[in-house]
Amino acid sequence: MIIVGSGITGAACALEAATLGAEAILVDAGLDGRATAAGAGIVSPWLSRVEDPAWHSFAAAAAREYPLLVGRLADAGETETGYRKAGALYLCDDETEAGRVFKRAVKQSVDTPEIGDVKILSGLSAQELFPPLREDKAAVHITGAARVDGRLMAAALRRAAVKAGAAELPGTARLLMRDGRVRGAEVGGEVIEGDTVVAAAGAWTGGFVAGAATVRTEPQRGQIMRFSLPGTDTSRWPVILPTSTGHYMLAFDGGRIVAGATREAGSGFDYRMTAGGLAEVLSEALGVAPGLAGAEVAETRIGFRPMGPDIRPLLGPVPGADGLVIATGLGASGLTMGPRAGAVAARVALGTDPLLGPGEDLAAFDPLR
């Protein structure tokens, strides 16, 4: 099996394939703007504004499976994943809104108990959990939310895949087809034969498979910033999710705070940090956490989210292109759903049970829709 794209989805695919005994080769061109490397890493899909049962079912299962994946990686000696269940604060404009969010979270917890405990907090109580916050925002606290460092997680998955027998190959891949079926890929002028190819190249997937299928993906630029608070223990600060915007904030070990992100449709692969993008991220971040005004701006990142025609992933086999499987279109939820999407893609490519949950149907994620 050849897997094109070694972000979190492709790396998870390689691990699953190698674990199942397949010969897996993971190919990556190392392009700037890969979403895995730039994404924030919020694992908290339960209160999303998305109203799509298929998306919710897949995302909730992906979040539920994360601790199992982390344990599996630990068994393989990979403990640096950046994953931690730190909880989340959904910031609300007033107590009335907090009450609505609370009721929705409690209702959601019936089907997804992994959401954890749900509680309304005053602004001051929320500030105790995330000190830079302003003190006048009520919040709904859920304990089951987690965060993950995409770079660390993808690297851990790749290393575990190699330990399980997979191989890595740098370079730009070209899909090879003959008579409607996969024959392999050409990488750096070398032909790599294989009867299955998983296209998990994020926003570049459509271009890779263009000769065999029309996959409707486009890049959406996201600009993100990292702040540094030296000497501050931020390891257990919760994820911050203001309900009135699409922005967010989350903390990692070592005094690192990540804030973002812009959602720039029509950006193409324009890999530039812009003044407007930085201004938007800073304004939103300091609007909810004025205590970060004195923090050091340590890093800026740019990522291209792979956006499909709707909110659902583009996941599954390609009719008329025997041996070709697509795994992309995860949009802003790539770091939540990527590991599960990759594992499903590997099983589909190998012709085994994709292990979907009750009521789930791979047809909902038709990659050619």
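**Exercise 1.** Is W204 buried, partly exposed or exposed?

*Solution.* Keep in mind that this is a predicted model. Start with the number: W204 has a relative accessible area of 23%. Then bring in the cut-offs: buried means under 20%, and exposed means over 50%. The value for W204 falls in between, so this residue is partly exposed.

**Exercise 2.** Work out how the rings of W204 and F304 are arranged, and which parts of the chain they connect.

*Solution.* Look at the geometry to begin with. The ring centres sit 6.2 Å apart, and the planes meet at 90 degrees. Planes over 60 degrees apart count as edge-to-face, so that's the label for this pair. Now find the two residues along the chain. W204 is in the loop between strand 12 and helix 7, while F304 belongs to strand 17, so the pair ties together parts 100 residues apart in sequence. As for accessibility, F304 comes out at 2%, which makes it buried.

**Exercise 3.** Find out how F269 pairs with F304, and where F269 lies.

*Solution.* Check the rings: they are 5.4 Å apart, centre to centre, with 75 degrees between the planes, which is again edge-to-face. Next, trace the chain: F269 lies in the loop between strand 16 and helix 8, 35 residues from F304 in strand 17. Finally, check accessibility: at 41%, F269 is partly exposed.

Note on methods:
Residues are numbered from 1 along each chain as its sequence is written. This is a predicted model: local features need pLDDT of at least 70, side-chain atom pairs count only at pLDDT 80 or more; totals for chains, interfaces and linings use all residues. Side-chain values use heavy atoms; hydrogens and water are left out. Rings of Phe, Tyr and Trp (its six-membered ring) pair if their centres lie within 6.5 Å; planes under 30 degrees apart count as stacked, over 60 as edge-to-face and the rest as tilted. Helices (H or I, at least four residues) and strands (E, at least two) are DSSP runs, numbered from the N terminus. Buried means under 20% relative accessible area, exposed over 50%, partly exposed in between (1.4 Å probe, protein chains only).
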